[in-house]
Amino acid sequence: MATTYLLQVDFPSNGPFGEQMATEYQQLAESINHEPGMIWKIWTENSEAGEAGGVYLFESEATAQKYLTMHTERLQTWGITDIRGRVFAVNGPLSAINRAPLAPTTA
């Protein structure tokens, strides 16, 4: 199993959250599927804490870092600050024991 890379991004957010977020960001979500090296994304939100973000799986560290740079710049153009992004190598054998969805999925 080739090494994949997890990208974790979070930032302060006043919303939208829930169904409104799903509706307003549908086109953005669809466009993310075309980012080089992106395998999947899980969208995250915590309305009580005022945070949003995502967890992504990428084919390589380079594609994860490139996406993080682009996404950080995009968020900043939307007026979002205090963006936190971190890239981690995935330990495939241990993650597989815990049923991690490491394989690409089809939409």
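## A pocket to start with

The second largest pocket has a volume of about 200 Å³, the volume being the space filled by probe spheres set on grid points that are joined across faces, edges and corners. A pocket here is an open set of points on a 1 Å grid over the protein atoms alone, where a 1.4 Å probe fits and there is protein on both sides within 12 Å along at least five of seven lines; lining residues have an atom within 4 Å of a point.

Sixteen residues line this pocket, and nearest its centre lie Phe-11, Tyr-25, Leu-75, Trp-78 and Ile-80. The elements giving two or more residues to the lining are β2, β3 and α3, with the largest share, three residues, coming from β3. Helices (H or I, at least four residues) and strands (E, at least two) are DSSP runs, numbered from the N terminus.

## About the model

This is a predicted model, where local features need pLDDT of at least 70 and side-chain atom pairs count only at pLDDT 80 or more, while totals for chains, interfaces and linings use all residues. Numbering runs from 1 along each chain as its sequence is written, and side-chain values use heavy atoms, leaving out hydrogens and water.

## The sheet and its helix

Now for the strands. Four of them make an open sheet, ordered β2-β3-β1-β4, with antiparallel pairing; two strands pair if DSSP finds at least two bridges between them. At the edges sit β2 (38-46) and β4 (84-89), each pairing on one side only. From one strand to the next, the twist averages 15°.

Strand β1 (residues 5-12) is joined to β3 (residues 51-58) by eight bridges and to β4 by six. Gln-8 has a bridge partner on either count: Val-55 in β3 and Arg-86 in β4. Leu-6 is partnered with Leu-57 in β3.

Helix α3 (residues 61-77) packs on the sheet and touches β1, β3 and β4, its direction making about 15° with that of β1. Contact means heavy atoms within 4.5 Å; axes are lines fitted to C-alpha atoms, for helices over the stretch in contact, and angles run from 0 to 180 degrees between N-to-C directions.
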